[in-house]
Amino acid sequence: MELFDRIRPYHDSEVNHALKEAIKHPMFKVLMQFTFPEASLNDINTILKECHSIRDFQTNVIYKSVQNLLAKSSEGFTTSGFKNLNPNTPYLYISNHRDIVLDTSLLNVGLIDNGLITTASAIGDNLVQKDFLMALSRLNRNFLVLRDQSPRELLKSSKTLSEYIKLLLSKNRSVWMAQREGRTKDGMDKTQQGVLKMITMAKGESSLVDYIKGLHIVPVAISYEYDPTDILKVPEIVAKQGNMPYVKTSNEDFNSILKGALGFKKRIHIEAAPLDPMVYDHIGEQQSDNEKLQQLALEIDKKIYSHYKLWPSNYIAYDLYHKTNMYKEFYDEKELRHFERRLERRVNKGNQLEVDSFLLMYANPVINVKDR
């Protein structure tokens, strides 16, 4: 286990002490007061003293935090597909990635509600540079994906990460991974083959297809009617389209975390979509391991695209971008006006590249389904 000390979350035996230290941090106190608005600091300390495992912390604190957050920043959260999963099986959930913190937090709410094994979740170490965020991340069973490494270091840490995922699954712990490094900014959710290659580095002597089967991969489609960080994503999209370098500001990730959590999202839906067993036969027909991974990525994308909940905002953006009314039956005039006002407030309408980037962020999920 020492091999994984740099990336692992807290052990259950470390949780109680970690919480005693965390409550000293002003931001952690703010989180607790948000979660338990009627409780005194003494009451909060009592609640934390009763948390002796990550599961205790997740179910008694984080679950309630997310529920309070949803009540203040959404018009409802729904899930589907989870009732088809085995409550005794650990799964590798691979999802599209839109929000730094909420994606995995909402998934775990869905898992708890459906009596399923909660996840250990991957998070880039660049996102938890602040001590408060690192402690909260480790308390919430996140494990670190190390960034900004040399090629030699990257290979070594990828092997370690793959072995850790294998270990977690073998110990009956589900795992969450985003389908790509970083959030999808443009709405064009696409699984990176490199992520799958990393996951399978620990296969040992097993054939690639047998190892993939044993991972119990479940693609997950996460859909927000409105992305509160949409305006924060536009500059990066525009820079990349113009082949310009994009440099993050020092607090950009932290601001995205806050905006994503507190900003209004309207409706949210998460759907689990297990791979059909026949898929593995198709993967096995491919010649090289690279082609097998390419096929696996394609199958995951198909599931995410076809099970992605499309909202009026998606259909409106498609029609505005293409200057058509093809999908007008899926939204009304009030929803159209609301989206147009959002567009006007958030981008410079004199900059067509900004406008198009914003529209495609919402329209691409429709395009993904349409072109599938």
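In helix H11 (residues 252-262), the buried residues are Glu 252, Asp 253, Phe 254, Ser 256, Ile 257, Gly 260 and Ala 261. Here buried means under 20% relative accessible area, exposed means over 50%, and partly exposed is in between, using a 1.4 Å probe and protein chains only. Helices are DSSP runs of H or I with at least four residues, strands are E runs of at least two, and both are numbered from the N terminus. This is a predicted model, where local features need pLDDT of at least 70 and side-chain atom pairs count only at pLDDT 80 or more, while totals for chains, interfaces and linings use all residues. Residues are numbered from 1 along each chain as its sequence is written, and side-chain values use heavy atoms, with hydrogens and water left out.

What sits over those buried H11 residues? The cover includes helices H2 (26-35), H4 (54-73), H5 (102-113), H6 (131-139) and H10 (230-241). Leu 258 also belongs to H11, but this one counts as partly exposed because its relative accessibility is 35%.

Now for the nonpolar side of things. The largest nonpolar core has 115 residues, and Phe 28, Tyr 93, Phe 143, Met 177 and Ile 199 have the most contacts inside it. Helix H16 (residues 352-370) gives the largest share of this core, nine residues. Such a core is a set of buried Ala, Val, Leu, Ile, Met, Phe, Trp, Tyr and Cys residues joined through side-chain atoms within 4.5 Å. Take Ile 199: leaving out residues up to four places away in sequence, Ile 199 touches Leu 92, Ile 94, Ser 162, Ile 165, Met 177, Tyr 211 and Leu 215, where contact means heavy atoms within 4.5 Å.

On to the charges. There are 13 salt bridges, each a side-chain nitrogen of Lys or Arg within 4 Å of a carboxyl oxygen of Asp or Glu. One of them pairs Lys 185 with Glu 236, with the closest N and O atoms 3.6 Å apart. Lys 185 lies in the loop between strand E5 (174-178) and helix H8 (193-199) and Glu 236 in helix H10, so this pair ties together parts 51 residues apart in sequence. Both Lys 185 and Glu 236 are buried.

Since Arg 342 lies in helix H15 (residues 333-346) and Asp 230 in H10, the parts tied together are 112 residues apart in sequence.
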